[in-house]
Each structure stands twice: as C-alpha cells, then as structure tokens.
Amino acid sequence: MIFSSRLIVRRRAIAAAGVTAALALTLAACGSSSDSSSMPGMDHGSKSSASSRSSASPSMGDMPGMDHMASGNGLSDSQNGYRLTSKDTTLPSGKQAAYRFTVTGPDGKPLTGFAVDQTKRMHFYAIRSDLTGFQHVHPTMAANGTWSADLSTLTPGSWRMFASFTPNTGTGKGDDFVLSRTVTVPGNAVKTPLPAPGTSTQADGYTVTVKGEPMAGMAHPLTVSIAKDGKPVTDLEPYLDTYAHLTAFHEGDAAFAHLHPTTKVTGANGGPNLSFHAELPTSGNWRLFLQFQTGGKLHTAALTLRVG
C-alpha cells in the first residue's frame with residue numbers, strides 16, 4: 001500500500017510538471033506574437049502607427065484605398081473634437097445649388113490642412129432620406145476653410161450631407177472622419193420605395209453584378225463584375241486611384257459605409273472583375289452606389305444589398 005501511494009504521488013508530480021511546461025510554452029508563444037489588431041484584415045476602422053505599419057507584414061492596410069478607413073457611421077456632425085458646421089439648413093428644389101460648410105478642429109478654429117485620399121482632400125456625398133438622388137462630389141475650399149460643394153438638381157425632401165476627410169495637422173492628423181448634417185429641400189416630398197435586394201443592376205447599358213453575402217459587423221469580400229451587351233468590360237479607366245468607387249447607405253437611417261477596393265490599378269484599363277473589402281456594421285438593406293469610368297464618362301450603378 002505504501003509503494004502504491006508513492007507511485008501515485010510520483011505520477012501526479014510528473015503530470016503537474018508536464019502541465020507547467022506546456023503552459024510555459026503557450027505563454028511564450030503568446031508573448032512572441034502580435035495581438036489580433038495587427039493581424040492581416042483585423043485593423044478595420046482604426047489606424048496603426050507609422051512604425052507598426054512599416055514593420056508589419058502586408059495586410060488590408062497595404063491594399064489600394066485601405067489606408068483610409070473612417071470609423072463610425074457618419075450620422076453625427078462631430079467626432080473627437082472635430083465638427084462639421086454649416087449655415088445652410090435648406091437648399092432650393094429643381095436647380096443646382098451650392099452647399100457651404102466648414103470643418104472645425106478641437107481648438108474650435110476652421111481646419112485648412114487636409115490629407116489627400118484617393119486623389120482628393122475632401123469627398124462629399126449627398127443622399128436623400130429614401131436613398132435616392134445620390135451625389136458624390138469633390139468640393140473646393142476657400143482660404144478661410146469654407147468648403148463649397150456644387151450639387152446638381154435636388155428633389156424635395158430631407159437630405160443628408162456627408163463630408164469624408166483626413167486631417168493633415170492637429171491631434172487628429174492621419175485619422176479618418178465622416179461627419180454629416182441634414183438639410184431640407186422644400187416642396188412636395190414623395191418617398192420612393194427602395195428597390196428589392198438583388199445581385200445585378202443596369203446603368204447606361206452596363207450590367208453590374210455583385211457576388212458576396214456579407215454579415216453585419218464582419219469583414220467580408222465582395223466581387224463586382226461589369227459587362228456590356230453580354231460581354232465582359234475590360235476598358236475601365238482609373239477613377240480616384242481605383243477602377244471603381246463603391247459607397248453604401250443603410251435603409252432607414254442612411255448610415256454611411258465606404259467599401260474599399262482591393263483590386264490594384266495596374267494600367268490604363270481594367271475589369272471586368274473588381275474586388276472590395278466590405279464591413280457593413282448593421283443588418284438590413286444597404287443601397288450600394290458603384291461609380292466607374294469608361295471613355296472619359298462616369299457611370300453610377302445602384303443596387304440594394306441584403307446584409308444578414
């Protein structure tokens with residue numbers, strides 16, 4: 001019995017030592033690896049430091065358009081001390097109009113230093129509350145920091161104006177922001193029902209097909225294919241440092257999401273297949289607006305995508 005007891009104690013000691021050694025190896029491995037935020041594709045919605053970007057292995061941040069990923073849904077006029085201000089609360093119906101606005105920094109002064117993102121210092125979007133009338137323009141800035149966005153004809157209703165930018169100075173330098181305000185276009189506002197979700201749509205004789213089943217809050221790839229007269233399109237021209245620009249708005253609240261291109265521009269012409277990184281935060285219907293250029297003409301295709 002004494003021999004048996006000693007044997008049991010010895011076996012338990014050996015087992016404990018094995019567990020301790022395994023645990024030490026596990027902790028050493030964890031300590032030597034990067035955290036999840038530095039894994040490829042895991043830094044969505046945030047920006048790493050310049051030193052970490054230079055030493056890290058290639059990730060989503062190294063793909064075209066992936067170095068500027070704005071956090072939030074754009075439904076606020078302020079974030080981290082930056083504020084979108086405008087005296088324009090209404091805009092006229094049925095004719096071109098200019099929306100004037102200013103971005104102020106944490107010090108309360110107009111911001112005039114902006115980084116270039118996809119060839120522009122400011123991307124501006126106007127979208128009606130029913131997700132019709134999409135406009136994507138690039139406003140001009142006066143010396144005092146006042147921006148002017150020239151908009152084409154607006155229909156009566158409530159519109160949300162989005163400003164997407166990256167400060168080049170101050171505490172928010174290198175961070176990406178999307179801020180917005182609403183304006184009213186007077187008149188008889190008639191709501192247009194959102195088209196049912198689908199996988200393809202038509203625009204200017206082109207057929208645009210979207211493949212992918214994104215889930216809310218999860219990174220997911222989307223593939224867009226463009227054809228004309230049943231033939232793949234291969235003459236897409238570079239537009240804003242990419243072959244196509246994709247923006248999405250959520251049904252109900254018009255929350256903003258920029259779907260970033262991962263297909264590199266390799267020459268004067270591209271297509272027919274384009275890849276995008278999609279991370280849509282909320283389930284429901286999203287209205288996608290794809291902009292692409294051929295023969296010097298810009299085309300805009302709209303499609304409703306269901307996100308589970």
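Is T242 buried or exposed? T242 is buried, with a relative accessible area of 2%. Buried means under 20% relative accessible area, exposed over 50%, and partly exposed in between (1.4 Å probe, protein chains only).

This is a predicted model: local features need pLDDT of at least 70, side-chain atom pairs count only at pLDDT 80 or more, and totals for chains, interfaces and linings use all residues. Residues are numbered from 1 along each chain as its sequence is written, and side-chain values use heavy atoms, with hydrogens and water left out.

**View 1. Surroundings of T242.** T242 is found in the loop between β13 (231–232) and β14 (245–250). Strands (E, at least two residues) are DSSP runs, numbered from the N terminus. T242 touches Q118, E237, P261, T263 and V265, leaving aside residues up to four places away in sequence. Here, contact means heavy atoms within 4.5 Å.

**View 2. An open sheet of 4 strands.** The strand order is β5-β4-β8-β9, with antiparallel pairing. Two strands pair if DSSP finds at least two bridges between them. β5 (135–137) and β9 (177–185) stand at the edges, each with a single partner strand, so one side of each is left without a neighbour in the sheet. Strands β4 (residues 123–128) and β8 (residues 157–165) are joined by 6 bridges. A126 stands opposite M161 in β8.

View 3. Most residues other than glycine have a negative phi. D229 has a positive phi of about 55°. This residue, D229, is exposed, at 70% relative accessible area. A254 has a positive phi of about 65°. A254 is buried, at 6%.
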